[in-house]
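Let's walk through this structure together, one question at a time. Have the coordinates open as you read.

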Amino acid sequence: MHATCTPYQVGNVPVLGEHCAWMESSAVVYCNSVLGARTNTEGKESTGAAALTGRIPYWGFHLDINRRGTHLVEVAIPVEDIMDWGLLGYWLGEIVQDEIPVLTGALIRPMLIKLKHFGAAASSSGGVEMYHLPGTTPEARSVEEAFAGRPIADTLHFGPSERRRAYENLNCASERKIDFVMLGCPHNSIEQVWLIASLVEGRRLNPDTALWVHTPRALRDTAERNGYVRMIEEAGGVVMSDTCPAISRHLPKGVRTFATDSAKQAHYLPAISGVQAWFGSVRDCVEAAITGTWNGRLQ
Amino acid sequence: MSDAAPRTIVLHGRRVVGGSAEGEALVTRQTISGWGGINERDGTIIERRHELRGQSF
């Protein structure tokens, strides 16, 4: 049994066309878009019932006709690093809500961790359950195939001002003193844990700043065997599995301001826990954990 | 809605429990996130940039 928002990182990897009953929004959008498996955003009751019966109602994203694109998105500025995929997703979700965007333009071919962040951001600011990246995602070899004859409802443009708007909407903090740094929403891949470990290696975190790194249990085991957990712990950080502050509703004591590389966590934690958020790159966040001060900015 | 004359909107749905009720409608054009957008203890909308933030339904 897993307890992770990223089951597709630890062995639960459905194939193209497979019918699923998933609940976690960032996993749902990954399942539909990147894997080409089929799920609606289920609730606790319906996923439980599906687990017992092996069945789920045949509607919504289980049907071909509902998987076609609705909006064309022209990306005019290069989107390459994780932070930019997060900003693109956060801007896009708020506009398209639960429609199906088809993205074209200056997208540098992404890998798992970037699509993980992009989908999580788009399903936080909006309710995006599926998107197409023609040439990358399996149900759209071309823009034409992504829309499959459905009329384009709207064409959107992502440029420098849209990127800045997303950044400013995410960064709601006024105070630069950082009490807490949270990395791993959705749960970190092993490469991400390694990156954090290599950035803190041989350094000490600010004593008044907590660093929590979240990853699935199986990847924490791998990180431990590889020495990454020890590197993070020796710097003063903590590596956790199977949870996060948004789900557990638990933060280090007395946190007022936190920093994260996750658009999703920067979106939800201020609402859920009343804390102020800074959003930035992994490097911005690790520097904040070491200095206790936020110095990130939009490059 | 407060500056306009009250108007009637009929909502059709599937009945789960019988009976009738009436009350003032809390209206928004913005979506509300069921997870992370509502304080489930007091029914308050908590989404940080929502136009109904702080209001309870």
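A quick definition before we start: two residues are in contact if their C-beta atoms, placed from the backbone, lie within 7 Å. Please keep in mind that this is a predicted model.

Q: Against which helices do the buried residues of helix 4 of chain A pack?
A: Helix 4 of chain A covers residues 112-125 and is mostly covered, with twelve of its 14 residues buried. Among the buried ones are A:Leu115, A:Phe118 and A:Ala121. These buried residues pack against helix 1 (25-35), helix 3 (82-96) and helix 11 of chain A.

Q: What is the direction of helix 4 of chain A relative to helix 11 of chain A?
A: The two axes, of helix 4 and helix 11 of chain A, come within 8 Å and cross at roughly 30°. Angles under 35 degrees count as roughly parallel. Therefore helix 4 of chain A is, relative to helix 11 of chain A, roughly parallel.

Q: Which residues of helix 11 of chain A make the contact with helix 4 of chain A?
A: From helix 4 of chain A, the contact uses A:Ala120, A:Ala121, A:Ser124 and A:Ser125. By class, the contact has four nonpolar, three polar and one charged residues. On the side of helix 11 of chain A, the residues are A:Ala263, A:Lys264, A:His267 and A:Tyr268.

Q: Which helix gives the most to the side of chain A that touches chain B?
A: The contact takes eight residues from chain A and seven residues from chain B. On the chain A side, six are nonpolar, two polar and no residue is charged. The element that gives the most, with four residues, is helix 11 (residues 263-273) of chain A.

Terms used: Residues are numbered from 1 along each chain as its sequence is written. Chains are lettered from A and ligands numbered from 1 in the order in which they are written. This is a predicted model: local features need pLDDT of at least 70, side-chain atom pairs count only at pLDDT 80 or more; totals for chains, interfaces and linings use all residues. Helices (H or I, at least four residues) and strands (E, at least two) are DSSP runs, numbered from the N terminus. Ala, Val, Leu, Ile, Met, Phe, Trp, Tyr, Cys and Pro count as nonpolar, Asp, Glu, Lys and Arg as charged, and the others, Gly among them, as polar. The expected span of a helix is 1.5 Å times one less than its number of residues. A residue is buried if 20 or more other C-beta atoms lie within 10 Å of its own, exposed if 12 or fewer, and partly exposed in between; C-beta atoms are placed from the backbone. Axes are lines fitted to C-alpha atoms, for helices over the stretch in contact, and angles run from 0 to 180 degrees between N-to-C directions. Angles under 35 degrees count as roughly parallel, over 145 as roughly antiparallel, 65 to 115 as roughly perpendicular and the rest as oblique.
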